[in-house]
Amino acid sequence: MKIKIGYRTIKTALGVTIAVWISSLLELDYYLSAGIITILCIQATKKKSLQSSWSRFLACTIAMAFSIVFFQILGYEPWVIGLLMIFFIPVTVYFRIQEGIVTSSVIIFHLYSEETYSQTIILNEFALIVIGIGIALLMNLYMPSVDHQLKKYQVDIERYFSGIFKEIVNYIRLKNSDWDGHEITMSHHTLEKAKSLAIRDVQNHLLRHENIYYSYFRIREQQLEILERILPLVIPLNHSGEEGEKIADFLEDISNSIHPGNTANRFLLQIEELKREFRESELPKTREEFEVRASLFQLLKEMEQYLIIKSYFRPNE
């Protein structure tokens, strides 16, 4: 099995080393705990790291207050720790800082081990917290850019979409029905990974609330649903002669024009022109011709929606 060392692992190792080193230089008691706090506060994104750090700092502060009250009044006994937790944990849940429970427990055990209370002890614990959290935040200032990977996902999805349209065109023109739907499966899989990565990129920018790539992938996801609805409508079109050929030409044109830019208006005009031509053409004479005509109009309606969705995307905004 191949072992991969990622940037987060390297940041964690470096952060722990710095936190422990600084704490030992300051001759803090329990200086190794600064490394534990650093490990807990380094998260996958900047926003998560900031939220985690704030939760742990607040939880630790409350834990020290609880420890002073409980231990000073009830004594330094094991059962007092349990009683303290019974009250402390619900408080963290109420303030939504429960992820700081583990870090706070370390502080509580430190104060219990000292079996006394003094300003020096409290300052020591605050120093450990500040160093551990501060180093974690410092390490998380660097987050590698994911734009290259997002762009790759975009290119892959456009290639899959183009492939889907080409397979539809082949079916209409050549009656070729041996397509296994690989492009649809890969589109779903790629879109899920792409959206997840785009969300992570948003969380790595503290002042950014949306990502242009995420908007793009959401639009493609909606379009993919439409493409799946179109597939059954294509079945009657391999016997539709001239009308089917016009639809094939139209879809082939779209397959060659799939990119982030907005070409929707041009194709929407083509749809209107196709609708006009089909309305002015001779009325269906057989049940089969009627089914073909109905499928043609339904397909155009779905493609119209496909293009309208795309028109909402503004890549340069």
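This is a predicted model: local features need pLDDT of at least 70, side-chain atom pairs count only at pLDDT 80 or more; totals for chains, interfaces and linings use all residues.
**View 1. The fold is built from helices.** The protein holds 12 helices and zero strands, where helices (H or I, at least four residues) and strands (E, at least two) are DSSP runs numbered from the N terminus. The radius of gyration is 31 Å, well over the 20 Å that the globule rule gives for 317 residues, so the protein is more spread out than a compact globule. That radius is taken over C-alpha atoms, and the rule is 2.2 Å times the number of residues to the power 0.38. Along the principal axes, the C-alpha atoms fill a box of roughly 95 × 40 × 35 Å.

View 2. Of the 317 residues, 45% are buried (under 20% relative accessible area, 1.4 Å probe, protein chains only). Among contacts (heavy atoms within 4.5 Å) between residues at least 6 apart in sequence, 77% join residues at least 24 apart.

**View 3. Leu-224 and its surroundings.** Here we zoom in on Leu-224, which sits in helix α9 (residues 212–234). Leu-224 is buried, at a relative accessible area of 0%. Beyond neighbours within four places in sequence, Leu-224 touches Phe-161, Ile-164, Ile-184, Ser-187, His-188 and Leu-191 by contact. Ser-187 is 37 residues from Leu-224 in sequence, yet their C-alpha atoms are 7.8 Å apart.

**Notes for all views.** Residues are numbered from 1 along each chain as its sequence is written, and side-chain values use heavy atoms, leaving out hydrogens and water. Local features need pLDDT of at least 70 and side-chain atom pairs count only at pLDDT 80 or more, while totals for chains, interfaces and linings use all residues.

How values were computed
Buried means under 20% relative accessible area, exposed over 50%, partly exposed in between (1.4 Å probe, protein chains only).
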